[in-house]
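Here is a short briefing for a reader who is new to this structure. Please look over the sequence and the model first, and then follow the points below.

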Amino acid sequence: MRYPDFFIVGAPRCGTTFMFEYLSRHPDIYTSPRKEPQYFATDLDSGSYLDSLSFMRDRDEYLDLFSGARPGQLTGEASTWYLYSKDAARNIKAANPHAHIIIMLRDPVEMLYSLHGRRLYGGSEDLTRFEDALAAEAERKLGRLIPPRARNVKALFYREVGRYSDQVKRYLDIFGKQRVHIVIFEDFRADPAAAYRGVLEFLDVDATFEPQFRVVNEGVARRSRRIQRLLLSPLVIRTARWALPQRARPLVGRAWDAINTRGTRRPPLDGAVADKLRRDLYPDMVRLGELIGRDVAAIWK
């Protein structure tokens with residue numbers, strides 16, 4: 001068993017599910033049956049029971065995710081918190097010094113609003129108003145106002161998640177520019193075939209292959225939060241882990257998500273909240289643009 005050849009490392013809510021699904025259809029690529037094992041983000045894993053639901057900890061269990069690959073296929077996974085993690089880049093480098101890194105970035109204001117909605121959906125956020133969640137960051141860094149069933153608590157520090165420049169620099173410094181490929185989500189949305197082809201060329205696989213592109217990972221909400229809390233209880237999780245083989249668990253999880261999920265469209269982010277957050281994040285956008293040679297501040301204005 002060997003570690004993956006490539007990693008989609010984030011950021012969250014930036015099209016990683018699109019890219020992961022499209023790469024999984026390529027005949028020369030084998031992707032993990034679990035999209036986000038988060039194995040290498042050791043600094044974000046508190047060691048708690050709840051975090052065990054998000055972060056794989058067992059090496060053999062992690063490597064087994066890729067045991068189904070055929071000879072000659074590239075293997076890969078996508079864990080969106082690897083970018084934010086301060087340990088993941090070094091951990092990946094130690095496991096596979098020749099790994100290819102794919103980073104996907106989006107207007108951080110839009111990304112954070114979408115992330116807040118996703119964490120509400122997953123039960124890791126309990127402040128329904130985005131502006132309240134932003135205002136709570138200082139208290140949360142002191143360990144207060146933490147949702148009782150929050151996983152990956154450091155992801156509640158929204159502004160830090162949205163400051164991309166240091167996160168991207170970490171991967172460029174550790175892997176070098178030749179092994180890091182950056183996709184701007186707005187480019188991907190405008191021309192998914194071209195962005196996908198660029199990733200295939202970066203991975204050095206047949207770039208003429210083109211899947212049928214469709215929307216995935218749309219806005220969603222839980223039909224029943226009470227049932228969701230029950231299913232995440234230690235007793236239910238322990239029973240499921242005992243009864244279900246590793247490879248069946250993602251299928252069961254996706255089936256449950258389909259049952260307990262309804263499509264929804266969040267109201268637009270309040271303009272005043274968006275403008276203030278954009279001012280907070282603008283200096284980092286400028287630094288990121290200088291780092292990657294692309295005026296992202298102009299794209300995300």
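Two strands count as paired if DSSP finds at least two bridges between them, and helices (H or I, at least four residues) and strands (E, at least two) are DSSP runs numbered from the N terminus. This is a predicted model, in which local features need pLDDT of at least 70 and side-chain atom pairs count only at pLDDT 80 or more, while totals for chains, interfaces and linings use all residues. Residues are numbered from 1 along each chain as its sequence is written, and side-chain values use heavy atoms, with hydrogens and water left out.

**The sheet**
- Five strands form an open sheet in the order β2-β3-β1-β4-β5, and their pairing is parallel.
- Because β2 (29–31) and β5 (180–184) stand at the edges with a single partner strand each, one side of each is left without a neighbour in the sheet.
- Strand β1 (residues 6–8) pairs with strand β3 (residues 74–78) in the parallel sense over three bridges, and Phe 6 stands opposite Gly 76 in β3.

**Helix α4**
- Ala 88, Ala 89 and Ile 92 are buried (under 20% relative accessible area, with a 1.4 Å probe and protein chains only) in helix α4, residues 88–95.
- Seen down the axis of α4, the directions from the helix axis to the C-beta atoms of its buried residues fall within an arc of 100°, so these residues line one face of the helix.
- The buried residues of α4 pack against β1, β4 (100–105) and α9 (164–175), where contact means heavy atoms within 4.5 Å.

Definitions and conventions. Buried means under 20% relative accessible area, exposed over 50%, partly exposed in between (1.4 Å probe, protein chains only).
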